[in-house]
Amino acid sequence: MRKLGMIGGMSWVSTRMYYDLINRSVQRRSGPMASASLLIESLDFRDLHGLREDADWERAANILIESARRLETAGAEGLVICANSMHRVYDEVAEAIHIPILHIAECVGAKMKQAGCKNAALIGTRNVMTENFYRQRLVASGVDLLPPDMSNVEAVDKIIYDELMAGKVTRSAERTLRTIITRKQQEGAQAIVLACTELDLVVDVDANVLPIFDSTRIHCDAAAEWLLEGEGATG
């Protein structure tokens, strides 16, 4: 089995979910006694919170670059960044190391292409929903994305940062996401891209009015597949 490095800590909730889902995926593919070969660095989210200005993102890129280099030095053969929003600095981190990083949006785009999905609405943090760094990767996979509704952007961003990243799950948040998804269906979306790790806590991924492409599950499955390449595992 290959050894995978995880850059976590964009919330401890996200890091926990990645560890759990990658191990469960490896176990399904490789047998009940299997577990993932992982190196994990959980960063202090206080250093990566509230990024707005270019200087803030430059600082974040440097933090992730240092983490990636430490994981590479420790023996990681590939990496995952355990957050959708931090893929804004993916290119800078990828250029600074010599091992591959599995890009979360490319994994999602490949899954949507495989499923024949051509049209979707993107739900995540403010920068994921409104900036190009994430959206363009999905578009490159042949997916048309509905434009962001700024009222939804603010509501979802607040839920993510004020509640979910602290491990707080409320019925109000569940209702808000259910309403947003229903509206996206009425606007013509064929599917939803759930592009925030913690949104899985308040969205029923398996039973909704639209198909849900959960970036976290897709990313973790891709990580498990990468870990087991060459072993002849199936699943």
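1. Ile-7 is found in strand 1, which covers residues 4-8. The model under review is a predicted one, and in it Ile-7 counts as buried, with a relative accessibility of 0%. Leaving aside residues up to four places away in sequence, Ile-7 touches Glu-41, Leu-43, Leu-64, Ser-67, Ala-68, Leu-71, Leu-79, Val-80, Ile-81 and Cys-82. Pro-147, by contrast, stands 140 residues from Ile-7 in sequence and 30 Å from Ile-7 in space, taken from C-alpha to C-alpha.

2. The model contains an open sheet of 4 strands, arranged in the order 5-4-6-7 with parallel pairing. Strand 5 (144-145) and strand 7 (212-214) stand at the edges and have a single partner strand each, so that one side of each is left without a neighbour in the sheet.

3. Within this sheet, strand 4 (residues 119-124) and strand 6 (residues 192-195) run parallel and are joined by 4 bridges; Ile-123 has Leu-194, in strand 6, as its bridge partner. Helix 4 lies across strand 4, strand 6 and strand 7, and its direction makes an angle of about 150° with strand 7.

4. Turning to charged side chains, the count comes to 15 salt bridges when a side-chain nitrogen of Lys or Arg must lie within 4 Å of a carboxyl oxygen of Asp or Glu. One of these pairs Arg-137 with Glu-106, whose closest N and O atoms are 2.5 Å apart. Because Arg-137 lies in helix 6 (residues 132-140) and Glu-106 in helix 4 (residues 104-115), the pair ties together parts that are 31 residues apart in sequence. Glu-106 is partly exposed, its relative accessible area being 40%.

5. Arg-126 deserves a separate comment. The side chains of Glu-154 and Arg-126 meet in a salt bridge with an N to O distance of 2.7 Å, and since Glu-154 belongs to helix 7 (residues 150-162) while Arg-126 belongs to helix 5 (residues 126-130), this pair ties together parts that are 28 residues apart in sequence. Asp-157 also forms a salt bridge with Arg-126, the closest N and O atoms being 3.1 Å apart, and this pair links distant parts of the chain, with Asp-157 in helix 7 and Arg-126 in helix 5, 31 residues apart. As for accessibility, Asp-157 and Arg-126 are both buried, whereas Glu-154 is partly exposed, with a relative accessible area of 37%.

6. A further group should be read as a network of salt bridges, in which Asp-200, Asp-206, Asp-214 and Arg-217 are linked.

Conventions:
Residues numbered from 1 in each chain as written. Predicted model: local features only at pLDDT ≥ 70, side-chain atom pairs only at ≥ 80, totals over all residues. Heavy atoms only, no water. Helix = DSSP H or I, 4+ residues; strand = E, 2+ residues; numbered from the N terminus. Buried < 20%, exposed > 50% of the residue type's maximum accessible area, 1.4 Å probe, protein only. Contact = heavy atoms within 4.5 Å. Pairing = 2+ DSSP bridges. Axes fitted to C-alpha atoms, helices over the stretch in contact; angles between N-to-C directions.
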